[in-house]
Amino acid sequence: MLSQFKYRRSYAFAFSALMICFAQFFVVNTAVAQSVVNHISPDQITFGKLKQINAGLLNVGYVEAGPANGTPVILLHGWPYDIHSYEEVAPSLAAKGYHVFVPYLRGHGTTTFLSDKTFRNGQQSAVALDIIAFMDALKIDKAILAGYDWGARTADIIAALWPERTIGLVSVGGYLINNLERNKQPLSPKAEQGWWYQYYFATARGKAGYEANRNEFAKLIWKNVSPEWKFDEQTFQRTASAFNNPDYINIVIHNYRWRLSLERGEAKYDAYEQKLSAGPVITVPAITLDGDADGVAPATDGSAYAKKFTGKYQHLIIKGAGHNLPQEQPVAFANAIIRVDGYAKGNK
């Protein structure tokens with residue numbers, strides 16, 4: 001889920017009026033967004049055939065849509081979700097001429113490790129390097145990166161550390177790069193309550209409980225973080241199948257324990273983590289999104305992290321969206337990608 005950094009935004013110093021103007025804050029809704037793409041009815045959705053490719057440490061499962069000569073777009077899912085968060089976004093973008101890729105993150109779906117000896121590591125830089133390896137394997141030089149939750153953090157990291165591989169960025173929740181020292185600082189009781197599962201996962205009981213009740217757990221999270229999203233059982237079960245990956249529990253548990261400095265990462269990622277702990281700026285064109293119906297991470301005006309984006313930048317609040325914004329408001333999410341592509345091309 002979103003980094004604890006998001007809740008520390010309230011403690012950040014106020015930025016100047018000039019910076020706030022630069023961020024160009026907007027509130028949009030899907031009625032406005034439909035001027036670019038429209039909703040696709042269920043019988044029109046063609047999410048694509050699942051493919052597999054060896055990339056770095058993994059054999060990655062992914063879907064692909066759109067013309068081969070289109071601008072590449074990589075859509076990254078969060079936790080506890082999967083690639084079906086983009087089941088409407090991907091074909092909408094493909095219909096507009098984009099070449100869309102939606103990979104399962106490590107430990108999810110059909111993405112598996114090539115070696116039994118590889119440490120099942122969930123730290124942020126390891127996940128980001130998975131996507132760089134995925135791009136290399138598919139010979140994708142540069143792409144628009146877009147995501148929410150774990151996917152937003154991964155996209156933020158790539159945009160910050162590898163801007164030469166990034167055309168533009170769409171990030172739900174803003175600047176989500178983790179700083180372990182900052183994460184050690186306590187939050188308000190209300191904010192801490194929202195992260196209850198992180199503390200549950202820190203215990204042996206929590207890991208055992210999660211393994212025994214992974215689907216019930218995910219459904220509870222879905223309802224808590226997206227209280228206005230009326231998903232049906234078929235929608236949930238389609239995603240829940242991705243939780244059956246043999247490495248799923250270990251990856252998720254390590255991710256959250258690592259964030260709380262309860263488990264170490266791997267030394268080979270130390271240099272990347274040192275760069276990330278410094279809070280590197282993102283220079284590529286970027287749009288950050290907040291849903292106004294997120295049950296855990298309330299929408300903000302984005303001012304607390306605006307200084308982290310030094311290129312063309314805009315913050316949008318999406319009406320009716322909870323935490324799984326791409327699946328709840330796919331039109332708005334797709335249009336943010338199209339808009340940031342326009343920024344990259346020099347459009348206003």
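**Figure 1. Overview of the predicted model.** Of the contacts in the protein with a separation of 6 or more, 80% are between residues 24 or more positions apart, a contact being heavy atoms within 4.5 Å. The model is predicted: local features need pLDDT of at least 70, side-chain atom pairs count only at pLDDT 80 or more, and totals for chains, interfaces and linings use all residues. Residues are numbered from 1 along each chain as its sequence is written, and side-chain values use heavy atoms, with hydrogens and water left out. The protein has 16 helices and 10 strands; these are DSSP runs numbered from the N terminus, with helices being H or I of at least four residues and strands E of at least two. Buried residues make up 60% of the 348 residues. Buried means under 20% relative accessible area, exposed means over 50%, and partly exposed is in between (1.4 Å probe, protein chains only).

**Figure 2. Crossing of helices α5 and α14.** Helix α5 spans residues 124–137 and helix α14 spans residues 270–277; their axes come within 9 Å and cross at roughly 105°. That angle makes α5 roughly perpendicular to α14. Axes are lines fitted to C-alpha atoms, for helices over the stretch in contact, and angles run from 0 to 180 degrees between N-to-C directions. Angles of 65 to 115 degrees count as roughly perpendicular, under 35 as roughly parallel, over 145 as roughly antiparallel, and the rest as oblique. On the α5 side the residues are Gln124, Ser125 and Leu129, which meet Tyr272, Glu273 and Leu276 of α14. Sorted by class, this contact has three nonpolar, two polar and one charged residues. Ala, Val, Leu, Ile, Met, Phe, Trp, Tyr, Cys and Pro count as nonpolar, Asp, Glu, Lys and Arg as charged, and the others, Gly among them, as polar.

**Figure 3. Surroundings of Ile157.** Ile157 is part of helix α6 (residues 150–161). With a relative accessibility of 1%, Ile157 counts as buried. Setting aside neighbours within four places in sequence, Ile157 is in contact with Gln124, Ala128, Trp162, Ile177 and Leu276. Ile157 and Ser125 lie 32 residues apart in sequence, and their C-alpha atoms are 7.5 Å apart in space.

**Figure 4. Buried side of helix α12.** In helix α12 (residues 233–240), the buried residues are Thr235, Phe236, Thr239 and Ala240. These residues cover an arc of only 130° around the axis, which puts them on the same side of α12; the arc is that of the directions from the helix axis to the C-beta atoms. Helices α11 (214–225) and α15 (325–328) are among what covers the buried residues of α12.

**Figure 5. Three salt bridges.** Side chains of opposite charge can pair when their charged atoms come close. The structure holds 10 salt bridges, a salt bridge being a side-chain nitrogen of Lys or Arg within 4 Å of a carboxyl oxygen of Asp or Glu. One of them joins the side chains of Glu64 and Lys51, at 2.8 Å from N to O. This pair links distant parts of the chain, with Glu64 in strand β3 (residues 58–65) and Lys51 in strand β2 (residues 51–55), 13 residues apart. Glu64 is partly exposed at 22% relative accessibility, and Lys51 is partly exposed at 36%.

Arg106 forms a salt bridge with Asp130, the closest N and O atoms being 2.6 Å apart. Here Arg106 sits in the loop between β5 (99–103) and β6 (112–113) and Asp130 in helix α5, 24 residues apart. Arg106 is buried, with a relative accessible area of 2%, and Asp130 is buried at 8%. In the bridge of Lys184 with Glu181, the closest N and O atoms are 3.0 Å apart. Lys184 counts as partly exposed at 47% relative accessibility, whereas Glu181 counts as exposed at 53%.

Figure 6. Most residues other than glycine have a negative phi, and most peptide bonds are trans. The peptide bond from Trp79 to Pro80 is cis, with omega near -5°. Pro80 is in the loop between β4 (72–76) and α4 (89–95). Asp149, in the loop between β7 (143–147) and α6, has a positive phi near 55°. Asp149 counts as buried at 0% relative accessibility. Ser261 also has a positive phi, about 60°, although it is not a glycine. Ser261 lies in the loop between α13 (248–259) and α14 and is partly exposed, with a relative accessible area of 33%.
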